Amino acid sequence: MIDSLIKPVSHARSEGAGVSEVALTSVAQSRPPMRFRGRSFMAFALTPEPPVADWLSELDNWIRNSAGFFVGRPVVLDLSAVSLSGHAIAHLVSELEQRGIRPMGIEGADAAQLGPGLPPFLKGGRPAGVDVLDGTAPAKPAPTKPARQDPTSLLLEDPVRSGQSVTFLNGDVTVMGSIGSGAEVIAGGSIHVYGAIRGRAMAGANGNPHARIFCQKAEPELLAIDGYYQTSEDFSASLHGRPIQAWLEGNVMTIAALD
Amino acid sequence: MAKVIVVTSGKGGVGKTTTTAALGAALAQGGQKVCVVDFDVGLRNLDLVLGAERRVVYDLINVIQGAAKLSQALIRDKRIETLSLLPASQTRDKDALSEEGIARVIAELRKLFDWVICDSPAGIERGAILAMRHADAAIIVTNPEVSSVRDSDRIIGMLDAKTVKAERGERMDKCLLIARYDPARAARGEMLNIEDILEILSIPLLGIIPESDEVLRASNLGTPVTLSNASSIAARAYCDAARRLNGEDVEMAIPSDRKGLLVKLFGRRAA
């Protein structure tokens, strides 16, 4: 698995997102202030599981199938699944180095166990999406828990009231009640409303032109699909209050009655 | 143990204070112990509607800040002995309300009364949120016009999000009281009709209070309308609503849209 590893270089001040710069000016006024910049890298977290010998042989299999996979890639050793003595950690690190893997830090261990010859202790790493996995890779380097599947639809049993905003970009939103005037629902997929739409419904919000909007009673303030929208002023009076569906034909939103 | 009810609306001027006084009086006339609490700190009105403005010594803020005991601040009504008022402060503002203080006062009131009816200030800010915070149920007062209905929709959403009950994952009981309903104007399409309001807000109906000069007259007299003229249509509508609050099954006498002539006669006689 891969972890994103944020390496804050200084704790002194960090304003705004992205690169933080800290100027140290107290040392010598004549020289330009020294600047520290934050960097973040995507690092692989190797998570050995007991027994470590078996895990190492599995790693060997992986390396045989994907030679050079770890070259030039930052690797972090996550020891949270095993409990090793300082000596055992040193041994594991040397085993990895023999395989051409040099961990840049160790997570999930007791900092006191890490002697001067070992990679430094790290904390604060956050999980990140897998975006550099080798397509030919047979398996993950370490058996880990299966990733939890995020739900791809959202069901709202209560009406969406005025002033409420529901955003769900992972898929469809189904509303059992109505979307009130001054309320909005934003969906990555389609929007299905079993009551009335009196507020705003925005489907396909992260660039899905195939998303649609369905409702039992159309009195909307605004309908949008993939950024193309119609307000109530553009809305044909003959469709007002009727069950409708809306979809995109090219760049044009088409609305038709369902009854 | 009392039932704590908040009377709220979002929009101002729809009849929250009138409703609080009328329902409180109607329940108390039935012999139950009722306390009406004015949460409109800085713009208090409930004391006027109950005719108690000259009897206010201590108020809600004094009790919250520990400057007075609850028993010192409660004003017992002179006409209905089971009705009490906890007035708001007129010289302070909503920032003087503290979350813990209100929790403590409401808990004390629960021990003393059968009903605690909180008159919320208008708006969706701190005062309104604190008024609804500890309620077991809410009465949403709305007028048959789009702005009032939309504001009510907004406040219903807040009742489901910002109350202690909602935060515990329980369902907040809510019911709708439509005030200032004019059947003749609704029939002419100048007002939203009852069905449209109920469809938009989709909460149960507690009652419909017809537009009536009697309500204004009662407020100016400092008497709840259920006391000043018990036979007026507004008073009868409030009494019916109070009985429904009590769990009685009272037929909803909607001033009908169909019986145009009868309604007109009815309305004229009441006015």
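Tutor: Before the first helix pair, a convention is needed: axes are lines fitted to C-alpha atoms, for helices over the stretch in contact, and angles run from 0 to 180 degrees between N-to-C directions. Helices (H or I, at least four residues) and strands (E, at least two) are DSSP runs, numbered from the N terminus. This is a predicted model, in which local features need pLDDT of at least 70 and side-chain atom pairs count only at pLDDT 80 or more, while totals for chains, interfaces and linings use all residues. Residues are numbered from 1 along each chain as its sequence is written, chains are lettered from A and ligands numbered from 1 in the order in which they are written, and side-chain values use heavy atoms, with hydrogens and water left out.

Student: Which residues of α2(A) meet α1(A)?
Tutor: Contact means heavy atoms within 4.5 Å. From α1(A) the contact draws on A:Val52, A:Trp55, A:Leu56 and A:Leu59, and their counterparts in α2(A) are A:Leu92, A:Glu95 and A:Leu96.

Student: How many nonpolar residues does the contact of α1(A) with α2(A) have?
Tutor: In this classification Ala, Val, Leu, Ile, Met, Phe, Trp, Tyr, Cys and Pro count as nonpolar, Asp, Glu, Lys and Arg as charged, and the others, Gly among them, as polar. By these classes the contact of α1(A) with α2(A) has 1 charged residue, no polar ones, and a nonpolar count of 6.

Student: Which bond joins A:Pro50 and A:Pro51?
Tutor: Most residues other than glycine have a negative phi, and most peptide bonds are trans. A:Pro51 is placed in the loop between β4 (39-46) and α1 (52-65) of chain A. With omega at about -5°, the link between A:Pro50 and A:Pro51 is a cis peptide bond.

Student: Is A:Thr174 buried or exposed?
Tutor: A:Thr174 belongs to strand β10 (residues 172-175) of chain A, and, not counting residues up to four places away in sequence, it touches A:Leu154, A:Leu155, A:Leu156, A:His192 and A:Tyr194. Buried means under 20% relative accessible area, exposed over 50%, partly exposed in between (1.4 Å probe, protein chains only). Because its relative accessibility is 18%, A:Thr174 counts as buried.

Student: Which strands stand at the edges of the open sheet of 6 strands in chain A?
Tutor: The order of this mixed sheet is β8-β10-β12-β14-β17-β18 (chain A), where two strands pair if DSSP finds at least two bridges between them. A single partner strand for each leaves one side without a neighbour in the sheet, so the edges are β8 (153-156) and β18 (252-257) of chain A.

Student: Which strands are at the edges of the open sheet of 8 strands in chain B?
Tutor: That sheet, with mixed pairing, has the order β3-β4-β2-β5-β1-β6-β7-β8 (chain B). Pairing on one side only marks its edge strands, β3 (75-76) and β8 (205-210) of chain B.

Student: What angle does α10(B) make with β7(B)?
Tutor: β7(B) is joined to β8(B) by 4 bridges, and these two strands run parallel. α10(B) lies across β6, β7 and β8 of chain B, and its angle to β7(B) is about 150°.

Student: What is the relative accessible area of B:Thr163?
Tutor: B:Thr163 is in the loop between α7 and α8 (164-167) of chain B. Leaving aside neighbours within four places in sequence, B:Thr163 is in contact with B:Met132, B:Arg133, B:Met158 and B:Met172. B:Thr163 is buried, with a relative accessible area of 0%.
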